[in-house]
Number of protein chains: 2
Amino acid sequence: MRKIRKFSAPEPSMRRLPAYLHVLTRLLRENRLYVSCTFISNELYLDPTQVRKDLALTGIVGKPRVGYSVEELIDKIKAFLGWDVQRNAFLVGVGNLGTALLGYQRFRLYGLNIVTAFDKDPRRIGKTIFGVDVLHVDKMTNLALRNKIDIGIITVGEDAAQEVADLMVQGFIKGIWNFAPKTLIVPDDVIVENAQLSVSLGVLTSKMKLSQTEKNMV
Amino acid sequence: MRKIRKFSAPEPSMRRLPAYLHVLTRLLRENRLYVSCTFISNELYLDPTQVRKDLALTGIVGKPRVGYSVEELIDKIKAFLGWDVQRNAFLVGVGNLGTALLGYQRFRLYGLNIVTAFDKDPRRIGKTIFGVDVLHVDKMTNLALRNKIDIGIITVGEDAAQEVADLMVQGFIKGIWNFAPKTLIVPDDVIVENAQLSVSLGVLTSKMKLSQTEKNMV
DNA sequence: TATTATTCGTGAATTAATTCTCTATTGGAG
DNA sequence: CTCCAATAGAGAATTAATTCACGAATAATA
Ligand SMILES: NC(=O)c1ccc[n+]([C@@H]2O[C@H](COP(=O)([O-])OP(=O)(O)OC[C@H]3O[C@@H](n4cnc5c(N)ncnc54)[C@H](O)[C@@H]3O)[C@@H](O)[C@H]2O)c1
Ligand SMILES: NC(=O)c1ccc[n+]([C@@H]2O[C@H](COP(=O)([O-])OP(=O)(O)OC[C@H]3O[C@@H](n4cnc5c(N)ncnc54)[C@H](O)[C@@H]3O)[C@@H](O)[C@H]2O)c1
């Protein structure tokens, strides 16, 4: 119910693609030309058929007995994830997490180009962090309208997240990457993705809890 | 194939639980005593039956016409996620991301107690960051053996991730929260959870790509 | 007190995702 | 040149997850 939009690819598959890319990038560095599903599945502890189905989503065609071209596969996966085009982004909230994201060069490989950062704390405004200028958040909406900005990254606290999202919507930003633990309310044509670190912690600790009880039962 | 272990709860459900917790924590602040699945489902744009099934995993029992006790539900979800006990953790790699994690107080609410941090860069060693001492990584294994450390957090680059994981395994750490884009090889009784930020970016950009093509077709 | 609307809980039905099975292709070994 | 082993690809079967449908409980209201 109420799934705003139906996107074509199965999410579980989509979530596995970046891991394939990590393996492939390493293989490219090692000058390997071809790779098989079996190889990838061994690297990542997945079922080879699952890998094959996932890769098929990208439209790649492999050669029997040989596998897929590493280079072509990288390109196809990147295209599928939308990482083959540059996207301009604004980041709001230059705190601990915001600063870390600004310093992460790998995002450029994925087409994410953070052009300017914003905060409301006067101590941060005017600084340049990892080459990115920090301006007052009041200037964000107008700047977004003037330049074309595709993605807004929210790394403010949860209290401020909705108001920042509103400013982004006013600036015609169509994709929001939200790190605050808060459900954002936005128009239908804006896509929100919540990056929830705590989910990952929960998966870890709940598995640890289960393996403890297993031990107790023995 | 080769799923190392089968854990009882469906992962999709487990991944939704932290979001329920966010809503519930807010309701607790607002002094609400009871909450229904319908309410939660509206907040998070989910199906109410799905919410009900997820919550049932925690063993909570609701009252018809009223819903669930907010306080009890919080406790049950925390217990289910393994967030009701304190776990001692070491963090290795006090760079951009490592520093951000050290400064994130919310993790304490989830039972994560980062007791010491480690690096190999002499400029970082000896500092205290957000109240956590930074020591040389060589001391990590012995300290882990001496104190009981449950979780190891890896925030070094991908090149160093495996060697750090090896040190953690030697220190009898049984859960590894890995932020490096690298598949770690560990013994069967060690649980690894990969926190992959790029996955979330991929979900966002691929959805943006699809909604663009939709527009072009109109 | 009787009625009504809301919500939980559960089993069935549906849909999605994964895994299995089989065929065809192809490069390399004999 | 022939055979073999590895692999892609596609459809079927299975398993997992989600959604639907309905009965029972209960607080609020008439
Ligand atoms: N630090 C982490 O490891 C971590 C992990 C998971 C989630 N998060 C989430 O990420 C967000 C940021 O976390 P953090 O640790 O970096 O917090 P932080 O307090 O270090 O940074 C928040 C920054 O946002 C700025 N800010 C606040 N309100 C603003 C507004 N209205 N407009 C512009 N700027 C504003 C503050 O000045 C500050 O610089 C939080 O929502 C947090 O829950 C952080
Ligand atoms: N910064 C981000 O936003 C971000 C996002 C996603 C993933 N990651 C991943 O997290 C990891 C850390 O990223 P970062 O941006 O903080 O990098 P960083 O370079 O800022 O920090 C890495 C730290 O690890 C230390 N280190 C390196 N080798 C070590 C070793 N063998 N033992 C102990 N310490 C060692 C370095 O001295 C440095 O302090 C990387 O694997 C990166 O891919 C980072």
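In this predicted model, a polar side-chain atom of Lys53(B) lies 2.9 Å from a base oxygen of DNA strand C; such a polar contact is a pair of N or O atoms within 3.5 Å, and within protein one must be able to donate a hydrogen and the other to accept it, with residues adjacent in sequence counting only if both atoms are side-chain atoms. Lys53(B) also has a polar side-chain atom 2.9 Å from a base oxygen of DNA strand D. Because the model is predicted, local features need pLDDT of at least 70 and side-chain atom pairs count only at pLDDT 80 or more, while totals for chains, interfaces and linings use all residues. Side-chain values use heavy atoms, with hydrogens and water left out; residues are numbered from 1 along each chain as its sequence is written, and chains are lettered from A and ligands numbered from 1 in the order in which they are written.

DNA strand C is surrounded by 23 residues, and the closest are Lys53(A), Pro64(A), Arg65(A), Arg52(B) and Gly62(B). A residue is near a molecule or strand if one of its heavy atoms lies within 4 Å of it. Of the atoms of DNA strand C that come within 4 Å of the protein, 60% are accounted for by sugar and phosphate.

At least two residues of the surface near DNA strand C come from each of helix H1 (11-29) and helix H3 (48-57) of chain A and helix H2 (37-44) and helix H3 (48-57) of chain B. Helices (H or I, at least four residues) and strands (E, at least two) are DSSP runs, numbered from the N terminus. H3(A) gives the largest share of this surface, 3 residues. By class, the surface near DNA strand C has 9 nonpolar, 6 polar and 8 charged residues. In this division Ala, Val, Leu, Ile, Met, Phe, Trp, Tyr, Cys and Pro count as nonpolar, Asp, Glu, Lys and Arg as charged, and the others, Gly among them, as polar.

Around DNA strand D there are 23 residues, of which Arg52(A), Lys53(A), Gly62(A), Arg16(B) and Lys53(B) come nearest. Sugar or phosphate makes up 65% of the atoms of DNA strand D within 4 Å of the protein, and the rest belong to bases. Phosphate oxygens of DNA strand D are approached by a backbone N or O atom of Cys37(A) at 3.1 Å and by a polar side-chain atom of Tyr68(A) at 3.0 Å. The largest share, 3 residues, comes from H3(B).

Ligand 1 lies between chains A and B. The 24 residues that surround ligand 1 have Leu97(A), Asp119(A), Arg124(A), Val156(A) and Tyr104(B) as the closest. Oxygen atoms of ligand 1 are found 2.8 Å from a backbone N or O atom of Leu97(A), 2.9 Å from an N or O atom in the side chain of Arg124(A) and 2.7 Å from an N or O atom in the side chain of Tyr104(B). Taken alone, ligand 1 exposes 830 Å², and the protein buries 85% of that. Accessible areas come from the Shrake-Rupley method with a 1.4 Å probe; for residues, only the protein chains shown count as cover.

Ligand 2 also lies between chains A and B. An oxygen atom of ligand 2 is 2.5 Å from an N or O atom in the side chain of Asp119(B), and a backbone N or O atom of Val156(B) lies 2.7 Å from an oxygen atom of ligand 2. Ligand 2 exposes 820 Å² when taken alone, of which the protein buries 84%. H8(B) supplies the largest share of the shell around ligand 2, 3 residues. By class, this shell has 13 nonpolar, 5 polar and 6 charged residues.
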